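User: I am new to this structure. Please show me how to read it, one feature at a time.

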Amino acid sequence: MSASGVALEHGHDHEHAHGAPGHHELSFIKKYVFSTDHKMIGMQFLFTTLLMMMVGGTLALGVRWQVAFPWTSMPLFGPLFAESGGQISPEFYTMLFTMHATVMIFLVIIPVLAGAFGNFLIPLMIGADDMAFPVLNMLSYWFMIPAIGCFALSFYFGGAAAGWTAYPLLADLRAAAPSSGSAQTFWLMGVTFVGVSSMMGSVNYMTTIINMRAPGMTLFRMPLTIWAMLITAILQAFALPVLTAAGFMQLFDRLDFGGPLEGIHTVFFIPSGLVVNNADPTVGGGQPLLWQHLFWFYSHPAVYIMLLPAMGMVSDMLACMCRKPVFGYKPMVFSMSAIAGLGFIVWGHHMFISGMNPALGMTFMLSTIMIALPSAVKVFNWIGTIWGGRLQFNTVTLNCAAFISMFIVGGLSGIFMAAVPVDIYFHDTYMIVAHFHYIVFGTTLFGVFGAIQFWYPKMFGRKMDETLGKWHFLLSFVGFNGAFFPMHMLGIAGFPRRYADPYIHPYLEHLMPLNQFITVSAIIMGFGQFFLLYNFGTSWFRGEKVGRNPWGANGLEWFAPSPPGHGNFDIPPVCYRGPYEYSNPNHPDEDHWMQTDPPKGKKKPEGDAGAHS
Amino acid sequence: MRKFWCGFFIFWPIAAIIYSAVSPQFNWWFPGPSVTELGQRIDNLFYLILIIVTAVFIGTQVALGYCLWRASHNKEERAWFTHGSHNLEVIWSVVPSVILLFLALYQMDVWALYRVQSFFPKEAREAPVAEVTARQFEWRIRYPGLDEHGVPKKLHLKPQPDDLYTVNDLHVPIGRPVMINLRSDDVQHSFFLPHLRIKQDAIPGQIIPIWFKPERPGNFDLACAELCGWGHYKMRAQLIVEREVEFQAYLQKLRADQNYDGHATPSAVAKKDE
């Protein structure tokens, strides 16, 4: 602790920054429900996403149960659909994996990164008192609620069952699937609401990061988390409108009011002359491939929206836990930018076998394989960061190490799918299921688990329990690898995705025991998450109380009280150096050197601190 | 505790490697060698990538485990203060980019042979054997009719009155390149022949040619690989690869069955076969 830091600890009894803009006692509703405080909004996002993670996980267990023990009644959850004897019907199965992906992607991964941590960390890390547009920020959370409502209505009407990719014509024609009526329409509206929510966040993050940095916080003094959030926000701003437009196109294709109004009946994705389920032949002229192009033009960059913030946060946590600067700060920034840039020209690798022009397959293969390069550079730099550090194995470190280890697997397995000829065989098999779960679960969620443990003291002023954290990590890691590593082998055996009962195909019969092992692992992983919830909930009241900077970290957020009051900082922070000056020989007093510590010879802000207290 | 965790991060990659190495023995691997030569080349590309990927996997995981060990057992008072190394960044950017570029370019010709029509064998391109139309939830197969000598006519894009129809059983001759026109009647499907390493989506409103040259007789699974509705999993069908004479006889039988008016004894050809 520097002298100024010590003075702050005692000089201030946490709570509100006096003189911060808009400081007055707020009503319960304004403070906890319709709050415009970025920290409260971030925590609202965090609670919502943790809840949704359990919902999405339950749906996944339903999927896994059916694949491992087809047509047997599901234990525990079976009574919820008792009319079928707890048995998962093929329609229900199709709905389960569609809604699992929808919930996990749109209501967990994207909002937990950008919504929860983006909101909580951006103003604190750049030294701002709040977001640039606090009301917009509040709306960004409250637009999630109608989205959740729409997805719930979709459940009520039988559940969308065209996959989360909603490929036409399965998603486009009402006759094509049993629940393709209102369920799919509400699903589309849900996705649109999520998109609006993300877009509001994105505009806000960009403005805040560009305009509201503390004095001295130059772009290259920003922590990598902030760089990642900025790049993510740019990705969202440019990619999302395409999905929203495509969503409306599909909605217009589908809308049917009945009666004299009939409907809109555009045919963007519907060719003519199709006879689906003995309905009248379609009148069309549309092109189903158009949807795939539009959808993946958003959804591929979305993969990086689901990954980059975690990369940034892990870089910050790792540097702190190793007491060592991030290895290659600028290469880290440039590689993230490269991933984002290349991310816009690789969407076609989802469509290698879709029937698009084969020449496109070649160009998309080249760009896709080259995106492995910045990813590799990042891995080398993380390992370089650990090299020569002074590491402590706590829950944060473990989750960060798992993040790197899992990202290596997910990155490498991606090369098989990027190579077009090999992808012919692996496309839509469990190989791809293994690959993207290693990225969005293995990588992103382990990063998020670490981040929850790391920033929890800043959110609540208390630490989370280490023993419970380690048990949670162990169960998640073992369960995760037990569930997803064998899926690579299923993929090599040609096991297709989204099959309610794969074992009617002779070449898949012998894979049932392996699938049962996977399901048992998935159940272990699922129950492991209760450790996280329990730890999260009880630490709120029972956790060890901590001061401003429990980890001895450098960022501006650790300069604010824990938890920060309305307006964040009791003393306006000034940034004097980069975020990773750990173990700097020019600063022998302590092994970290906060961004706010003035260099020797400069006036220390103790006078200011006195004035405030 | 730190020994346990270091061991943990070293142990899991070893377990993963051992597990992958024994997988072929448990049949958790390709469903047999490819039936086509092109599929064999796809397998070879897979093994090439597998070797590179395994080397990188071992290298990076060992580096990670070793760094964790070193860092957690660091006896220095302070961590090593460094912001990085320009030379290292150059090395670990250039070396992977060369390997990746090689990998990408090395794939091109197999892809061209598989998918670019001007690279298809001429005989296959000029005389498609059959048209396969996917629909919820079956595969409809249309062969061209036979002329007076029993030789298959040219397959027209539009159905002809003497075309031969069957469902879920795709017969093809062995040893010569055959081309199939793939279509869909309703939603999107995907024509997946795992033993031949072939997969192609069927798009409504589009006709997509696929070719292959089966080298081994037998019955092989044909499955749908693109979600097409609740019955996606049950689009089970088979590809029957047989000798040229058997294939011709099959077409004759198909014609006789199709022309059977309920009075005469069913096809003389079928009798001969028995």
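Analyst: We take the chain contact, a helix pair, a sheet and a pair of domains in turn. This is a predicted model, in which local features need pLDDT of at least 70 and side-chain atom pairs count only at pLDDT 80 or more, while totals for chains, interfaces and linings use all residues. Residues are numbered from 1 along each chain as its sequence is written, and chains are lettered from A and ligands numbered from 1 in the order in which they are written.

User: How many residues of chain A are in contact with chain B?

Analyst: Two residues are in contact if their C-beta atoms, placed from the backbone, lie within 7 Å. Here 90 residues of chain A meet 83 residues of chain B. The largest share of chain A's side, nine residues, comes from α13(A). Helices (H or I, at least four residues) and strands (E, at least two) are DSSP runs, numbered from the N terminus.

User: Which classes of residue make up chain A's side?

Analyst: Ala, Val, Leu, Ile, Met, Phe, Trp, Tyr, Cys and Pro count as nonpolar; Asp, Glu, Lys and Arg as charged; the others, Gly among them, as polar. The side of chain A that touches chain B has 64 nonpolar, 18 polar and eight charged residues.

User: How do I read a helix pair?

Analyst: Two packed helices are described by the angle between their axes and the distance between the axes. Axes are lines fitted to C-alpha atoms, for helices over the stretch in contact, and angles run from 0 to 180 degrees between N-to-C directions. Take α6 (144-156) and α7 (182-211) of chain A: the angle is about 165 degrees and the axes are 8 Å apart. Therefore α6(A) is roughly antiparallel to α7(A) (angles over 145 degrees count as such). Their contact includes Phe151(A) of α6(A) and Trp187(A) of α7(A). By class, that contact has 12 nonpolar, three polar and no charged residues.

User: What is the strand order in the open sheet of chain B?

Analyst: Two strands pair if DSSP finds at least two bridges between them. The order is β3-β2-β1-β5-β8 in chain B, with mixed pairing. The edge strands, β3 (164-167) and β8 (208-212) of chain B, each pair on one side only. β2(B) and β3(B) pair in the antiparallel sense over four bridges. Ile141(B) has Thr166(B) of β3(B) as its bridge partner. Helix α5 (244-259) of chain B lies across β2 and β3 of chain B, at about 95 degrees to β3(B).

User: Where are the domains of chain B?

Analyst: Domain bounds come from an automatic or database domain assignment. That assignment gives domain 1 (2-71 + 89-118) and domain 2 (127-260 + 268-273). The centres of domain 1 and domain 2 of chain B, taken over C-alpha atoms, are 36 Å apart.

Note on methods
Parallel < 35°, antiparallel > 145°, perpendicular 65-115°, else oblique.
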